[in-house]
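Good morning, colleagues. Please have the model in view.

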Amino acid sequence: MPLIEHRQYIKAPVGICFDLARNVDIHTQTTSKTKERAVGGVTKGLLEQGETVTWEAIHFGIKQRLTAKVTLMEPPHKFVDVMVKGAFQSFTHTHQFLEADGGTIMIDNFQYKSPFGLIGVAADKLFLERYMREFIVSRAKELKKIAEKLNQN
């Protein structure tokens, strides 16, 4: 199972970063390249433990839906969401927020399992792991921009 870890320093308080990362409206803004939008479950505002959200997005030119559930919430330092329905066989995304150097280190740990056995493993090696890493890094950079702009006001 591939594990993608990304760390992003953000010059903003941990509480701001935590809330932005679990905000459905902000998620939509930070994933505009894939045209993500919430179409089920919580479709606006902040996700809480036990809640689900269904995302619709375009990946690899194909419209897809994925439902994730928040299984752990430890404000303002950690939350975890897991896929309950979607294209992966499974995934767990752990979001951590650590206070550091007058700001926050946001850590994404994304572990997933592709469907289709050996074909899925081959897809991981050929393109999927790189694609998912780029997706997570891009979203983190966008969150950083939003959080730092909010922190200036």
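This is a predicted model: local features need pLDDT of at least 70, side-chain atom pairs count only at pLDDT 80 or more; totals for chains, interfaces and linings use all residues.

Residues are numbered from 1 along each chain as its sequence is written, and side-chain values use heavy atoms, with hydrogens and water left out.

First, the fold. The chain has three helices and seven strands, where helices (H or I, at least four residues) and strands (E, at least two) are DSSP runs numbered from the N terminus. Their order from the N terminus is β-α-α-β-β-β-β-β-β-α. Along the principal axes, the C-alpha atoms occupy a box of roughly 45 × 30 × 25 Å. The radius of gyration is 15 Å, which agrees with the value near 15 Å for a compact globule of 153 residues; it is taken over C-alpha atoms, and the globule rule is 2.2 Å times the number of residues to the power 0.38.

Of the 153 residues, 44% count as buried. Here buried means under 20% relative accessible area, exposed over 50%, and partly exposed in between, with a 1.4 Å probe and protein chains only. Of the contacts with a separation of 6 or more, 48% are between residues 24 or more positions apart, a contact being heavy atoms within 4.5 Å.

Let us turn to the aromatic residues. How many aromatic pairs does the structure hold? There are 10 aromatic pairs, counted for rings of Phe, Tyr and Trp (its six-membered ring) whose centres lie within 6.5 Å; planes under 30 degrees apart are stacked, over 60 edge-to-face and the rest tilted. Phe 18 and Phe 79 are edge-to-face, because their ring centres are 5.7 Å apart and their planes stand at 90 degrees. This pair links distant parts of the chain, with Phe 18 in helix H1 (residues 14-21) and Phe 79 in strand S5 (residues 78-85), 61 residues apart. Phe 18 is buried at 1% relative accessibility, and Phe 79 is buried at 2%.

Phe 18 also forms an edge-to-face pair with Phe 97, at 5.5 Å centre to centre and 80 degrees between the planes. Phe 97 lies in strand S6 (residues 90-100), so the pair with Phe 18 of helix H1 ties together parts 79 residues apart in sequence. Phe 97 is buried, with 0% relative accessibility. One aromatic cluster is formed by Phe 88, Phe 91, Phe 110 and Tyr 112.

Strand S6 also contains Leu 98, which is partly exposed at 38% relative accessibility. Beyond its neighbours within four places in sequence, Leu 98 is in contact with Val 14, Gly 103, Thr 104, Ile 105 and Ile 107.

Finally, the backbone. Which peptide bond is cis? The bond from Pro 75 to Pro 76 is cis, with omega near -10 degrees, and Pro 76 lies in the loop between strand S4 (62-74) and S5. Lys 35, not a glycine, has a positive phi of about 55 degrees. Lys 35 sits in the loop between helix H2 (24-30) and strand S2 (37-41) and is exposed, with a relative accessible area of 60%.
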